[in-house]
Amino acid sequence: MISLSISSKLDYGDEDLVSRLLSLSLDEANHLNVWEGYVDWRSRPAIRGIHGGIFAASFVLAVEILENLAYLANASNLVLYLSKFMHFSPSTSANIVTNFMGTAFLLALLGGFLADAFFTTYCIYLISAAIEFTGLLVLTIQAHLPSLKPPTCTSFSTDNPCKEVSGGKTVMLFTGLYMVALGVGGIKGSLPPHGAEQFDDTTPQGRKQRSSFFNYYVFCLSCGALVAVTFVVWIEDNKGWQWGFGIATATILLSIPLFLLGSPTYRTKVPAGSPITTMFKVLAAAMCNNIKSRSPSNAVTRVPSHTDETSEGESNRQSKEKGRNQALTESLKFLNKAVTIKPVHPMLQCTVKQVEEVKIVLRILPVLMSTIMLNCCLAQLSTFSVQQAATMNTNLGSLKVPPASLPVIPVIFIMILAPLYNHVIVPFARKVTKTEMGITHLQRIGIGLMFSVVAMAVAALAEMKRKNVAAKHGLLNSAEPLPITFLWVAMQYLFLGSADLFTLAGMMEFFFTEAPLSMRSLATALSWASLAMGYYLSSVLVNLVNGITGTYRHRPWLIGANLNFYHLERFYWLMCVLSGMNCLYYFLWASRYKYRSAGLDDDNDLKEHENPTLND
C-alpha cells in the first residue's frame, strides 16, 4: 500500500475520494493517475492531467524573467555604484561584486538542500523571494538618503583618493547586499528544479519537454537581463540609483503573486530527508568496512554484483529482474564495501540504492569542477570589462550606451540562438544521430568551454588596443573618454555569452537528469555553485596575481584607482592559458563518462549507457 500523507480535512470536495486515495494499492493509484511521490501546493496527492505539464512550467518561466531582472538590474552595474558612490577602488569594487555574486550562487546549494530534505521547492521560493525583497528595500533606502552614503567626491588622482564608505553605512550596505544574496541563492536553488519537476521523465515526450524547459529557462534569464542591462541601467545612470534599486524591489515583489497564480497547477516532490547525511553515511561505512576487511578474521560479507547474477541460473525471471535493479555496479568499487550483512555499527547500515546514488554524485563532480574556470571568465563581464568600457567612447551615433549595458550584446544573441537551438539544431541532430538527446549535455558544455578560451584571447587583444590608444593620445591620467569605441570590448561579451548559453543549460539539465530523485534540487544547484566558485576564483586570482607581481615588481598588475595603469591584458592572457588547460581536463573526464539510462523506474534503475536511443 502507498502512503499519501494527506489530511482528512484537505479534500477535493469528495470525502469518499479522499478515503479511496488513502487505501489505494500501487496498481490502483496508477490506474487513477496519481503522481506517486508528488503533492500539490496544499500537500494533497498530485493528479495526472491536473498537476504538472507545460502550463505549470510556464509560470516558472515567467517568474524567472522578473527574478533575474531584479537581480541583474543591480549586479551588472554594481561595480560602478561601489566605485563612484561608495568610493571603493576599482579592484576592491571588483572583488566585492565577485564575492557578492559568488555568495548568491553558492547559497543555491542551501536552497536546493532544504527543498530536497525538509521543505519543498514551492516553499523555498516564497521564503527566498521575501528575503530578497527585504534586502533590496534596504539598498533602496540607502541609495535614496544622502546621509547614508559618503560625501560626494570626483577625485581621479591616486594621491588624493575619495574617502570610502565606513561605519554604520558600510554595515547597512553589506546587510542589504547579502540579504539579496541569500534570497537569490534560495530562488536559484528552488525555481529551476520546481519547473523541471512538472514533466514526466518516464516518457520520451516528457523528457523532451523538460529539455526544452531548460533551454527556455536560459531564454527567460536573458529576457530579464535584457530589461535589466538596458532600461534599468539607464535609469540608474541618469535618474539615480534609488530608482534602479526601487525598480528591482518592485519587480521581485510582483514575482510573488505571479508565482502563486500557478499554485493550482504545480506538482511538488515530497522531501525525502537529507541527501547529505546519506552520502556521509555511505562514505563512512565504505571506509570502515574496507579497513575491517583487510584482516581475514574480520572479513566483510560480500554482496552480489552484476557478475554474480549470471551464475544464478536456478532463480526465476522475476527474481533476476529484481536483483538486477538492486545489484552493485563495478564502478567506484571501494564504495561497494558499504553494503554488508554485518556493518561496523547499526547506524552505518547502507542499502545498495544508497551506495549507487553516492556513486552517481561522485561521477558528476569532475564535470562540475571543470566548469569553474569558465565561470571565472564570466565573472570578468561584471567587473573589469565594465570598467574598461567606462573609459572608452560609448556613443552609438547620437545614443550614449551605459557601460553596464554591454551585456545586451550576448543577451540578444542568446535570445535568438536559444529558440533556434531548441527548434532547429536539436531536431536536426536527433534525426542525424538517431538518439533522443541529439546533442548530449557534455557536448554542449564542451562547446561552451572552448568559447571561453577564445573569449579570453579576444579580451587580452582588446585591452592592448585600448591602452595603446590611451598612451598615444596622452590620456593615461585623464578621466576623459578614450577615442576608441567600446565595441572592442563588446567582442569578448559575445564569445562569453555564447559560452554561457551552451554551458548553463547543459549543466542544469545534466545535473538534474543524472542525479538521484532524492537530491535533484541540490544537484541542479551545482550549476549555480559552479558560478559561485568561478566568482570566488576570480577574486583569488586577482589577489594572487597582485601578491606575486607586487613581490617581484614595483607595482602589482591589478591595483590602484586608474585602470590605465593596470596590466589587465597580462591577466587576460593568464586566464586564456588556464582556460585552455581546463578544456583538456574536461575532455579527459567527459570522454570517460557514462550516462544513466534515459527512463528510470521507481527503484532508480542504474543501468548505464553512452547515449540514450530515440524512443519515438
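**Exercise 1. Find the side-chain partners of arginine 466, and state whether arginine 466 is buried or exposed.**

Step 1. The side chains of arginine 466 and glutamate 463 are joined by a polar contact of 2.9 Å. A polar contact is a pair of N or O atoms within 3.5 Å; within protein, one must be able to donate a hydrogen and the other to accept it, and residues adjacent in sequence count only if both atoms are side-chain atoms.

Step 2. The side chain of asparagine 564 also makes a polar contact with that of arginine 466, at 2.8 Å.

Step 3. Arginine 466 lies in helix H18 (residues 441-472). Helices (H or I, at least four residues) and strands (E, at least two) are DSSP runs, numbered from the N terminus.

Step 4. Arginine 466 has a relative accessible area of 0%, so arginine 466 is buried. Buried means under 20% relative accessible area, exposed over 50%, partly exposed in between (1.4 Å probe, protein chains only).

Step 5. List contacts (heavy atoms within 4.5 Å). Setting aside neighbours within four places in sequence, arginine 466 touches Gln388, Thr391, Met392, Leu482, Ile484, Leu563 and Asn564.

A note on the source: this is a predicted model, where local features need pLDDT of at least 70, side-chain atom pairs count only at pLDDT 80 or more, and totals for chains, interfaces and linings use all residues. Residues are numbered from 1 along each chain as its sequence is written, and side-chain values use heavy atoms, with hydrogens and water left out.

**Exercise 2. Describe the surroundings of glutamate 514.**

Step 1. Glutamate 514 belongs to helix H19 (residues 487-514).

Step 2. Why does glutamate 514 count as buried? Because its relative accessibility is 3%.

Step 3. Its side chain makes a polar contact of 2.7 Å with the side chain of tyrosine 593.

Step 4. Not counting residues up to four places away in sequence, glutamate 514 is in contact with Ile360, Ile364, Tyr593, Lys594, Tyr595 and Arg596.

**Exercise 3. Work out the strand order of the open sheet.**

Step 1. The three strands run in the order S2-S1-S3, with antiparallel pairing. Two strands pair if DSSP finds at least two bridges between them.

Step 2. Strand S2 (45-47) and strand S3 (268-269) are the edge strands, and each pairs on one side only.

Step 3. Take S1 and S2. Two bridges join them, and valine 34 stands opposite isoleucine 47 in S2. They form a hairpin with five residues between them. In the turn, serine 43 has a positive phi of about 65 degrees.

Step 4. Take S1 (residues 34-39) and S3. Two bridges join this antiparallel pair. Tyrosine 38 has lysine 269 as its bridge partner in S3, and valine 39 stands opposite threonine 268.

**Exercise 4. Which residues touch the most other members of the largest nonpolar core?**

Step 1. Define the set. A nonpolar core is a set of buried Ala, Val, Leu, Ile, Met, Phe, Trp, Tyr and Cys residues joined through side-chain atoms within 4.5 Å.

Step 2. The largest core has 139 residues, and Phe384 and Phe571 touch the most other members. H19 gives the largest share, 14 residues.

Step 3. A second, separate core has 15 residues, including Ala338, Leu348, Val358 and Val361.

Step 4. Return to phenylalanine 571. Leaving aside neighbours within four places in sequence, its contacts are Gln380, Phe384, Leu541, Val542, Val545, Trp557 and Leu558.
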